[in-house]
Structure formats: structure tokens, C-alpha cells
There are 2 protein chains.
Amino acid sequence: MEPPKRRRSATRARLLEGALEVFAERGFHGASVEDICDRAGFTRGAFYSNFGSKDELVLALFQATTDRLLEQIGALLPDLANQPGTLLDAVLGLLDEAALDQRQWHLISTEFTLHALRSPEAAEALNRQRGMFRDQLTRLVEEITAAGDLQLSVPPEQFVRLVIALHEGARSQTLLEPAAVPAGSLERTFLPMVLNAVSRRQV
Amino acid sequence: MEPPKRRRSATRARLLEGALEVFAERGFHGASVEDICDRAGFTRGAFYSNFGSKDELVLALFQATTDRLLEQIGALLPDLANQPGTLLDAVLGLLDEAALDQRQWHLISTEFTLHALRSPEAAEALNRQRGMFRDQLTRLVEEITAAGDLQLSVPPEQFVRLVIALHEGARSQTLLEPAAVPAGSLERTFLPMVLNAVSRRQV
DNA sequence: ACAGTAGGATACAGTTCTGTATTGAATACA
DNA sequence: TGTATTCAATACAGAACTGTATCCTACTGT
């Protein structure tokens with residue numbers, strides 16, 4: 001059989017994976033530890049051998065997902081910055097890449113956000129993650145504007161916050177009414193207007 | 001004592017009120033029926049005499065809150081439309097009035113949205129409510145633009161969807177980082193730009 | 001080959017929750 | 001005044017879930 005270290009971390013990974021799926025399907029409280037173990041093909045013995053509690057699992061899950069996400073983005077960033085296309089395409093492209101499965105990711109991250117609004121510990125973890133993500137996006141914006149001799153009349157971070165807020169709000173509407181709000185439609189309709197308003201040629 | 005009909009509906013109301021608070025504090029699954037009854041000052045006997053189950057309560061709660069909300073807005077609408085001030089002030093004002101307690105309302109409505117993304121029945125109820133709310137806002141926009149000899153280059157409903165998406169996304173950021181994102185700051189920074197871009201004097 | 005160990009399965013105790021059935025009190029009405 | 005009814009409290013049965021304690025199996029190193 002596999003070496004024990006490898007086996008252990010594989011078990012951990014499968015449990016995290018199962019948790020991601022089950023949380024997306026039933027929500028955090030709606031998912032029992034046993035549900036998660038079943039999905040991963042283990043029993044609760046494996047679970048409690050790897051995690052102290054369900055709360056601990058959530059934080060670990062969020063950390064793991066976050067790490068993977070930021071890594072993917074980091075690899076993607078240079079490409080986006082150097083490719084032809086507008087600033088907007090790059091930013092929205094990054095946002096879309098960020099979510100492997102839009103629906104699943106929306107469910108998970110929204111629920112974790114709710115959790116964070118009630119738990120300072122989770123809030124700190126979430127804000128750290130969002131901060132890093134926002135920084136990546138901000139860097140992307142800065143690079144592209146610099147390369148295009150473009151200057152923004154608002155701080156890039158402020159613009160990024162706008163894009164994120166709009167994107168998240170729009171995604172919610174899209175998931176609720178796919179027919180009425182095609183994915184990305186609100187962003188592509190209105191963001192160019194904002195971008196146009198805050199852009200000015202560099203001196 | 002009170003007449004029984006009155007007493008019954010008062011009990012129901014107090015249970016709904018308690019549910020609102022407890023759901024906001026602990027989330028839907030985190031709140032037990034008994035928690036809700038305790039908060040309302042009853043026991044589970046009163047609960048099951050008034051509601052068939054927790055699921056039924058949620059729908060009733062959402063309905064009740066929605067009704068009250070729409071009623072308030074309906075009363076508010078003529079004032080907003082006829083008062084001096086910009087279109088933006090009116091729309092944002094309405095959105096803020098809509099939420100008695102921003103934080104509590106955000107928690108409840110977000111969680112119900114998550115619920116709706118997994119339950120078609122809840123989705124229908126939610127979309128109906130959101131539709132009515134959106135219609136109210138759209139009517140407000142139409143009235144104000146007409147009164148101001150203003151025309152929008154996008155359908156009013158589309159603009160309203162934008163405002164709602166941005167508002168909800170921004171509210172999330174505000175609740176997570178009150179210091180970094182003061183309430184309404186994103187809206188007041190960027191919506192004027194959009195409004196300017198889509199506005200044109202009427203012929 | 002064998003003792004030691006790690007990882008995961010199984011069995012179990014304790015808690016918590018939901019939902020029902022019964023009971024008691026207070027009001028309406030005759 | 002007495003009877004019927006309504007509403008909520010209480011008692012209870014059953015289910016589900018968590019976390020622990022123990023056991024089993026398969027790999028490790030000697």
C-alpha cells in the first residue's frame with residue numbers, strides 16, 4: 001500500500017473534496033459529518049482522525065480552496081496582463097476563472113460569508129483571503145493601465161471593489177433568474193461606462 | 001382575556017418576530033424551534049399549534065416580511081418621487097429604507113437566497129418578491145425621469161438591476177469591513193458616472 | 001519474520017432536536 | 001351557570017448527530 005504520509009494526506013484531501021460538494025448541496029448545518037464521510041468513501045473514524053470538529057474542517061476547507069484559487073490566479077495573471085484585449089476583459093476573465101463552478105463556488109463562499117458575519121475568527125480568515133484576491137486584481141489593473149498609458153481618476157483598489165461588488169451581486173441575480181440575467185450581462189453593460197468615466201489619458 | 005382570534009394572531013406574530021431575530025443570530029439550521037419559542041416567550045406547543053413545521057415557518061416569515069416591506073415602500077414611494085433631489089438619492093433612499101436593520105436584513109435575505117438556490121419552491125417565492133420590489137423601484141425611476149425630462153439609454157429595469165446588484169454586493173463588503181467600505185460609498189462614487197452615461201435630455 | 005505503530009472502522013454513550021399526544025386553563029356561548 | 005371550544009403547556013417517543021473509546025488491519029523498521 002501507499003506510504004502512510006501520502007495516504008493520510010490523500011484521505012484528508014478526499015474529505016475536503018467531499019465536504020465541498022456536500023456543503024454546496026445541503027449547506028453547512030444541513031450537512032452532517034457522516035454525509036461528508038460517505039461522500040468521500042470513509043467513515044467518521046477517518047474524519048475525526050484528521051479533523052477535530054466540523055468547525056475546524058470548515059476553516060481548513062476554506063484555507064485549502066483559497067490557496068488553490070490564489071495559486072491558479074497567480075499563474076494566470078501574467079498571461080492576462082500581456083494579452084491583447086481591454087482592461088475589462090482581463091478583469092472579468094480573472095473573476096470568472098476564479099470560480100471553477102460558478103454555482104458551487106457562489107453557494108460555498110456566500111455561506112462562508114454569512115458564517116464570517118457571525119464569527120470574528122472566520123471573518124478574519126475571510127477578509128485576509130478577500131484582501132489577497134483583491135490585491136491580485138488591483139495589481140492586474142495597475143499593470144494594464146500602466147502598459148496602456150492609462151490613468152484612473154479613482155484609486156485602482158476602489159475600482160476593483162466596485163467590480164467585485166457588482167460581480168457578486170449580478171451573479172446572485174443570474175443564479176436566481178438565468179433567463180432574465182445572462183451571466184456577465186450587467187457587468188458588460190455598465191462597467192464600460194464607469195471605466196470610460198474614470199479613465200483619462202496619461203500626461 | 002383577549003378574544004381568541006386576536007390572541008392567536010398575536011402569538012403567531014410574536015413567533016415570527018422571534019424567528020426573525022433568532023435566524024439572524026444563528027442562521028436557519030442553527031436555530032432550533034425551541035430557540036424560537038423561547039425567544040417569543042412560548043413553548044413548542046404554541047409553535048406547532050400555529051405552524052406545521054420549521055420549513056412552513058420560513059415561508060410564512062418571508063411572506064410576512066415581504067408584505068410589510070412592500071407596504072412600507074408603497075407608502076414611501078409618492079414622497080420620494082415628488083421631493084426635490086436627484087434620481088439617485090431617491091433610489092438609494094428607497095433601498096436603505098427597505099432594510100429596517102441592514103445587518104439583520106442582509107443575513108436573513110442572503111440566507112433565504114441560498115435556500116432558494118436549492119429549493120424551487122422557495123425560489124419562486126423569492127423571485128416573486130424580488131420582482132415586485134424591482135417593479136416598485138422601476139416605477140420610481142420612470143416617474144422621476146419623466147418628471148425631469150430625462151431619458152435613459154437603457155431600459156429602466158436594467159438600470160434598477162444594476163443598482164440592486166451593486167447595492168447588495170457593496171453591502172456585503174460594508175458588513176465585512178465597515179472601516180474600509182462605509183455604507184453607500186461605492187454606490188455614491190460610481191452610480192453617478194453610470195447615470196451620467198445613460199442619461200440624455202429628452203427631445 | 002516480527003514487534004510496533006498509524007490510520008481508519010466499529011460500537012457506543014450522551015445530547016439535542018422534531019413532532020405527537022395529552023392535559024389544563026381560559027374564553028365564548030347557550 | 002354550565003358546557004364546549006380554543007389555545008398553549010407538558011410529557012413523551014423516536015430519530016439524528018456528535019464525539020469518544022476501542023478494535024482491527026496493514027504498513028514500517030529492524
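Q: To start, how many helices and strands does chain A have?
A: Chain A of this predicted model has 9 helices and 2 strands.

Q: And in which pattern do they follow along the sequence?
A: Read along the sequence, the pattern is α-α-α-α-α-α-α-β-α-α-β.

Q: What box do the C-alpha atoms of chain A fill?
A: Taken along the principal axes, the box is roughly 65 × 40 × 30 Å.

Q: What percentage of the residues of chain A count as buried?
A: Of its 203 residues, 50% count as buried.

Q: What about contacts between residues 24 or more positions apart in chain A?
A: Such pairs account for 68% of the chain A contacts that have a separation of 6 or more.

Q: Changing topic, where is A:Leu80 found?
A: A:Leu80 lies in helix α4 of chain A, which covers residues 54-82.

Q: Is A:Leu80 buried or exposed, and why?
A: A:Leu80 is buried, because its relative accessible area is 17% and buried means under 20%.

Q: Which residues is A:Leu80 in contact with, leaving aside neighbours within four places in sequence?
A: A:Leu80 is in contact with A:Ala90, A:Leu94, A:Leu140 and A:Ile144.

Q: What separates the C-alpha atoms of A:Leu80 and A:Pro120?
A: Those two residues are 40 residues apart along the chain, and their C-alpha atoms are separated by 35 Å.

Q: Now A:Asn50, please. Which helix is that in?
A: A:Asn50 belongs to helix α3 of chain A, residues 44-50.

Q: Buried or exposed?
A: A:Asn50 is buried, with a relative accessible area of 11%.

Q: What does the side chain of A:Asn50 reach?
A: The side chain of A:Asn50 reaches the backbone oxygen of A:Ala46, at 2.9 Å.

Q: And which residues is A:Asn50 in contact with, beyond four places in sequence?
A: The residues in contact with A:Asn50 are A:Arg8, A:Thr11, A:Arg12 and A:Leu15.

Q: Next, the backbone. What is phi of A:Asp149?
A: Phi of A:Asp149 is near 55°, a positive value in a residue other than glycine.

Q: Where is that residue, A:Asp149?
A: A:Asp149 sits in the loop between α7 (120-147) and β1 (150-152) of chain A. A:Asp149 is partly exposed, with a relative accessible area of 48%.

Q: What about phi of B:Asp149?
A: For B:Asp149, phi is near 50°, again a positive value in a residue other than glycine.

Q: Where is B:Asp149, and what is its relative accessible area?
A: B:Asp149 is in the loop between α7 (120-147) and β1 (150-152) of chain B. B:Asp149 has a relative accessible area of 49% and is partly exposed.

Q: Turning to helix packing, how do α5 and α9 of chain B cross?
A: The axes of helix α5 (residues 87-98) and helix α9 (residues 185-198) of chain B come within 11 Å and cross at roughly 130°. The two helices are therefore oblique to each other, and the crossing is right-handed.

Q: Which residues make the contact?
A: From α5(B), the contact is made by B:Leu87, B:Leu88, B:Asp89 and B:Leu92. From α9(B), the contact is made by B:Glu187, B:Arg188, B:Leu191, B:Pro192 and B:Leu195.

Q: How many of them are nonpolar, polar and charged?
A: By class, the contact of α5(B) with α9(B) has 6 nonpolar, no polar and 3 charged residues.

Terms used: Residues are numbered from 1 along each chain as its sequence is written. Chains are lettered from A and ligands numbered from 1 in the order in which they are written. This is a predicted model: local features need pLDDT of at least 70, side-chain atom pairs count only at pLDDT 80 or more; totals for chains, interfaces and linings use all residues. Side-chain values use heavy atoms; hydrogens and water are left out. Helices (H or I, at least four residues) and strands (E, at least two) are DSSP runs, numbered from the N terminus. Buried means under 20% relative accessible area, exposed over 50%, partly exposed in between (1.4 Å probe, protein chains only). A polar contact is a pair of N or O atoms within 3.5 Å; within protein, one must be able to donate a hydrogen and the other to accept it, and residues adjacent in sequence count only if both atoms are side-chain atoms. Contact means heavy atoms within 4.5 Å. Axes are lines fitted to C-alpha atoms, for helices over the stretch in contact, and angles run from 0 to 180 degrees between N-to-C directions. Angles under 35 degrees count as roughly parallel, over 145 as roughly antiparallel, 65 to 115 as roughly perpendicular and the rest as oblique. A crossing is left-handed if the near helix is turned anticlockwise from the far one by less than a right angle, and right-handed if clockwise. Ala, Val, Leu, Ile, Met, Phe, Trp, Tyr, Cys and Pro count as nonpolar, Asp, Glu, Lys and Arg as charged, and the others, Gly among them, as polar.
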